[in-house]
Amino acid sequence: MSIPRKADWFVEAVTPQRDYTLRLSFANGETRFYDARELLDDASFAPLRDIEFFLRAHRAGHSVVWSDEIDISPEYLFEKSVLS
């Protein structure tokens, strides 16, 4: 039986920045940046407009979360982020 390897897009670490970006480390070893400002006009992400709330971003499982109601899938973050 083989052990499944981690998907490249699994988030290993996240550091939220004051400019509404996320510094992300992925399972494939890449460090990438995601600009979350694109989310701020979406009603479901409205709490992120509060910078203190935004800075609470943390890794849970393989993704990034702020609360029980607000998270972003790791696949989306990998696709939309850029290499640093």
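Predicted model: local features only at pLDDT ≥ 70, side-chain atom pairs only at ≥ 80, totals over all residues.
Biologist: Why is serine 81 called buried?

Modeller: Its relative accessibility is 4%. Buried means under 20%. The value falls under that cut-off, so serine 81 counts as buried.

Biologist: Where does serine 81 sit?

Modeller: Serine 81 lies in the loop between helix 2 (74-80) and strand 7.

Biologist: Which residues is serine 81 in contact with, leaving aside its neighbours within four places in sequence?

Modeller: Leu24, Phe26, Arg32, Phe33 and Tyr34. Contact means heavy atoms within 4.5 Å, so each of these residues has such an atom pair with serine 81.

Biologist: How do you know that strand 3 (residues 31-35) pairs with strand 7?

Modeller: Two bridges join them. Pairing takes at least two bridges, so strand 3 and strand 7 count as paired. They run antiparallel. Arginine 32 stands opposite leucine 83 of strand 7.

Biologist: What makes strand 1 and strand 2 a pair?

Modeller: Five bridges, in the antiparallel sense. The requirement is at least two, so strand 1 (residues 11-16) and strand 2 (residues 21-26) qualify. Threonine 15 has arginine 23 of strand 2 as its bridge partner. Four residues lie between the strands of this hairpin, where tyrosine 20 takes a positive phi near 65 degrees.

Biologist: What is the order of the open sheet of four strands?

Modeller: The order is 1-2-3-7, with antiparallel pairing. Strand 1 and strand 7 (82-83) are at the edges because each has a single partner strand. One side of each therefore lacks a neighbour in the sheet.

Biologist: And which strands form the open sheet of three?

Modeller: The order is 4-5-6, again with antiparallel pairing. Strand 4 (58-60) and strand 6 (71-72) each have a single partner strand, so they are the edges. Two bridges join strand 5 (residues 63-65) to strand 6. Valine 65 has aspartate 71 as its bridge partner in strand 6.

Biologist: How many residues are in the largest nonpolar core?

Modeller: The core has 21 residues. Leu22, Leu24, Leu48, Val64, Trp66 and Leu77 have the most contacts inside it. Strand 1, strand 2 and helix 1 (51-54) each give two or more residues to this core.

Biologist: What does leucine 48 touch, leaving aside its neighbours within four places in sequence?

Modeller: Its contacts include Tyr20, Phe53, Trp66 and Ile70.

How values were computed
Residues numbered from 1 in each chain as written. Heavy atoms only, no water. Core = buried A, V, L, I, M, F, W, Y, C linked by side-chain atoms within 4.5 Å. Buried < 20%, exposed > 50% of the residue type's maximum accessible area, 1.4 Å probe, protein only.
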